[in-house]
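Please look over the fold as a whole before turning to single helices and loops. The paragraphs that follow go from the chain to its packed helices, and from there to a few loop residues.

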Amino acid sequence: MAAVTSLSFSALTQSSFPSARNLGSNSDGLRFRTSFSLHYGGFRSSSSSPRLVVHCMSSSSSELPTVADTKLNFLKAYKRPIPSVYNSVLQELIVQQHLMRYKRTYRYDPVFALGFVTVYDQLMDGYPSDEDKDAIFKAYVNALKEDPEQYRNDAKKLEEWARAQSSSSLIEFPSKEGEVEGILKDIAERAGGKGSFSYSRFFAVGLFRILELANATEPTVLEKYLLSVCFQTVVCSLKH
């Protein structure tokens with residue numbers, strides 16, 4: 001556990017997702033496959049990382065949409081031109097999320113949703129039209145055959161809950177009753193081997209977003225919180 005407790009928590013509570021607008025000033029930033037990392041205060045995972053494993057599914061390939069299908073669904077749902085600096089990022093991101101979405105062990109959960117919403121909103125910061133930004137979000141999530149309203153509602157629910165927490169109440173959620181507490185306990189059980197659980201970068205972002213909103217800055221809180229929610233899964237990833 002030394003690897004966790006020695007992390008600088010000041011880094012963990014800072015968002016370092018660049019917006020697509022800022023990425024536009026650096027062409028290297030758009031090379032998602034080789035250099036862009038979703039990086040949220042101490043959590044870093046590049047798309048080129050060998051830890052991103054795509055599991056084969058038992059279903060026949062004809063029953064599953066391909067990456068091309070998902071991208072086509074997005075283009076059909078949102079037909080207006082998207083500035084190239086944003087479109088390049090979105091096209092790479094949707095490929096990565098398609099692979100997460102159709103892993104054998106994937107199961108939607110609100111923490112994952114919070115993580116994705118956090119990433120999306122920061123990447124699209126500065127988009128010319130808020131209305132279009134919302135329409136793109138809906139087209140993107142629908143292309144993955146998921147519910148954009150559920151993503152937004154669940155993210156908002158977790159944000160509101162986290163803002164009402166303190167460092168002590170945050171790590172005491174296993175002993176409490178409530179909607180969000182129930183969500184976190186369900187995730188903890190699945191991560192502990194009692195159900196389907198798929199660790200991802202968006203899930204990690206969601207975890208750290210909750211910490212940030214709760215102003216939980218003590219390293220001991222980080223350790224207890226991670227162990228309570230997802231046991232060794234996140235801890236092992238942080239060590240690398």
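What percentage of the 240 residues of the protein chain count as buried? The share is 50%, where buried means under 20% relative accessible area, exposed over 50% and partly exposed in between, computed with a 1.4 Å probe on protein chains only. This is a predicted model, in which local features need pLDDT of at least 70 and side-chain atom pairs count only at pLDDT 80 or more, while totals for chains, interfaces and linings use all residues. Residues are numbered from 1 along each chain as its sequence is written, and side-chain values use heavy atoms, with hydrogens and water left out.

The protein chain has 13 helices and 2 strands; helices (H or I, at least four residues) and strands (E, at least two) are DSSP runs, numbered from the N terminus. Its accessible surface, computed by the Shrake-Rupley method with a 1.4 Å probe, comes to about 11,200 Å², and 49% of that belongs to carbon and sulfur atoms. Among contacts between residues at least 6 apart in sequence, 74% join residues at least 24 apart, a contact being heavy atoms within 4.5 Å.

Two packed helices are described by the angle between their axes and the distance between the axes. On the α6 side the contact includes V111, F116 and Y120, and on the α8 side it includes Y151, A155 and L158. By class, this contact has 11 nonpolar, no polar and 4 charged residues, where Ala, Val, Leu, Ile, Met, Phe, Trp, Tyr, Cys and Pro count as nonpolar, Asp, Glu, Lys and Arg as charged, and the others, Gly among them, as polar.

Helix α7 (residues 130–143) also packs on α8, at an angle of about 110° and with the axes 8 Å apart, which makes α7 roughly perpendicular to α8. Here F137, K138, V141 and N142 of α7 meet P148, E149, Y151 and R152 of α8, a contact with 4 nonpolar, 1 polar and 3 charged residues.

In the loop between α7 and α8 lies K145, which counts as exposed at 53% relative accessibility. Most residues other than glycine have a negative phi, whereas K145, not a glycine, has a positive phi of about 60°. Leaving aside neighbours within four places in sequence, N73 is in contact with A143 and K145. N73 belongs to helix α4 (residues 67–77) and is partly exposed, with a relative accessible area of 27%.

A positive phi is also found at N215, where the angle is about 55° although the residue is not a glycine. N215 follows α11, a helix with 13 of its 13 residues buried, whereas N215 is exposed, with a relative accessible area of 58%.

Note on methods
Axes are lines fitted to C-alpha atoms, for helices over the stretch in contact, and angles run from 0 to 180 degrees between N-to-C directions. Angles under 35 degrees count as roughly parallel, over 145 as roughly antiparallel, 65 to 115 as roughly perpendicular and the rest as oblique.
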